[in-house]
Amino acid sequence: MISVPHKAKQFLVLLIKLLVVGGAFYFIYDQLAGNDKLDWIKFRDLVMEKKSFGNITFILFLTFLNRFLEILKWQNLVGVIRKNKLGEASKQVLGALTAGLFTPNGIGEYAGKALFFEKSLAKKIVFLNLICNGIQMLLTIVFGIFGLMYFNAKFGIITGKTVGILFGILLLILIVLFFTKKINVKGYSIEKLIHKINGIPKRIHQKNILLGLGRYLVFSHQYYFLFLIFDVEIPYLLLMAAIASVYFLASSLPTFQFLDFAVKGSVAVYFFGLLGVNEWIVVFISTLMWFLNVVIPVVIGSYFVLNFKAQWKS
């Protein structure tokens, strides 16, 4: 086995850190500068018109609360293994978010969090991160389905026959999963996964669900209040149904974190277009949501990446 000198290892780690942070900032700049759907002159004029200390403070507070609830979720789940201080949980969540920025569906986030722990805990950390993200996805699906049903009842986007077919497909998938849950693939099966999930104390799951629900309500209402700030007057339930539908459909598509606003923006343009909302306002708000909830945490996370010291031992 080839032995790598200590200084060479240090240089390699530094290079990787710089590549991760540099890549993150490049992709952020590229997406903001290259978005031809954003009219920056209109953006500047509208911001100057709508700016107020109250609005800015409230939206930034929701940004903080959104990520803070995610940090609390992670701290709660890692408690299964060991006590994790809030500061450490913050480093792990924000650092991993930066690492996962330009990986498909944030896959790099799993590896990013695992690197903050001993190598022997890697599989457990990946599993806990799966639970952490899984509850958020489940809530997005549940609210999204109800949102789509409400929205469809108002606009008739899809026919009753299509709805029946979709539910039939969903039922078929559930039946297949039920009958194949004992089938092992390289030592893994759905039954074993369920057993591992049940192995986590109920109080941990309950807290995880409550924090996940809180986070969903925070970022969906942040979207809602941004529309209100920009004088979009749509009934509460209809606007929230559209928001839930956008998040559900956008989350179902394979994408990269740095393209998140583009995917959500494209889906949002369709749904809010049916509500008569100007396209450039929809694109701007989607981009602003991405900037607040991804770019700002990534900037902070970059500091943790640059100061990262791996816990892995050979």
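Before anything else, I need to know what a packing angle is: axes are lines fitted to C-alpha atoms, for helices over the stretch in contact, and angles run from 0 to 180 degrees between N-to-C directions. Helices (H or I, at least four residues) and strands (E, at least two) are DSSP runs, numbered from the N terminus.

I'm noting that this is a predicted model, where local features need pLDDT of at least 70 and side-chain atom pairs count only at pLDDT 80 or more, while totals for chains, interfaces and linings use all residues. Residues are numbered from 1 along each chain as its sequence is written, and side-chain values use heavy atoms, with hydrogens and water left out.

**Entry 1: α6 and α10**

I looked up helix α6 (residues 122-155) and helix α10 (residues 236-251), which pack at about 125° with their axes 7 Å apart. That angle makes α6 oblique to α10, because angles under 35 degrees count as roughly parallel, over 145 as roughly antiparallel, 65 to 115 as roughly perpendicular and the rest as oblique. The two helices cross in a left-handed way (left-handed if the near helix is turned anticlockwise from the far one by less than a right angle, right-handed if clockwise). Among the residues making the contact (heavy atoms within 4.5 Å) I found M137, F143 and G144 of α6, and L237, A241 and Y247 of α10. By class, the residues of this contact are 16 nonpolar, five polar and one charged. Here Ala, Val, Leu, Ile, Met, Phe, Trp, Tyr, Cys and Pro count as nonpolar, Asp, Glu, Lys and Arg as charged, and the others, Gly among them, as polar.

**Entry 2: α3 and α4**

How far apart are the axes of α3 and α4? Helix α3 (residues 53-78) and helix α4 (residues 86-99) have axes 9 Å apart and pack at an angle of about 110°. That puts α3 roughly perpendicular to α4. Their crossing is right-handed. W74 and F68 are among the α3 residues in the contact, and L94 and V93 among those of α4. I get nine nonpolar, three polar and two charged residues there.

**Entry 3: α3 and α9**

Next I checked α3 against α9: the axes come within 9 Å and cross at roughly 160°. The pair is therefore roughly antiparallel. This crossing is left-handed, and the contact has 14 nonpolar, eight polar and five charged residues.

**Entry 4: α9 and what follows**

Helix α9 (residues 202-229) has 28 residues and reaches 40 Å from first C-alpha to last, close to the 40 Å expected at 1.5 Å a residue (1.5 Å times one less than the number of residues). After α9 comes D231, in the loop between α9 and α10. D231 isn't a glycine, yet its phi is positive, about 60°.

**Entry 5: the record**

An unreviewed UniProt entry annotates "transmembrane region" at several stretches, including residues 126-151 and 223-250. I noted that such annotations may be inferred rather than shown by experiment, with feature names shortened and positions in the numbering used here. Residues 126-151 are 100% helix and 0% strand, with end C-alpha atoms 36 Å apart. Residues 223-250 are 79% helix and 0% strand, and their end C-alpha atoms lie 15 Å apart.
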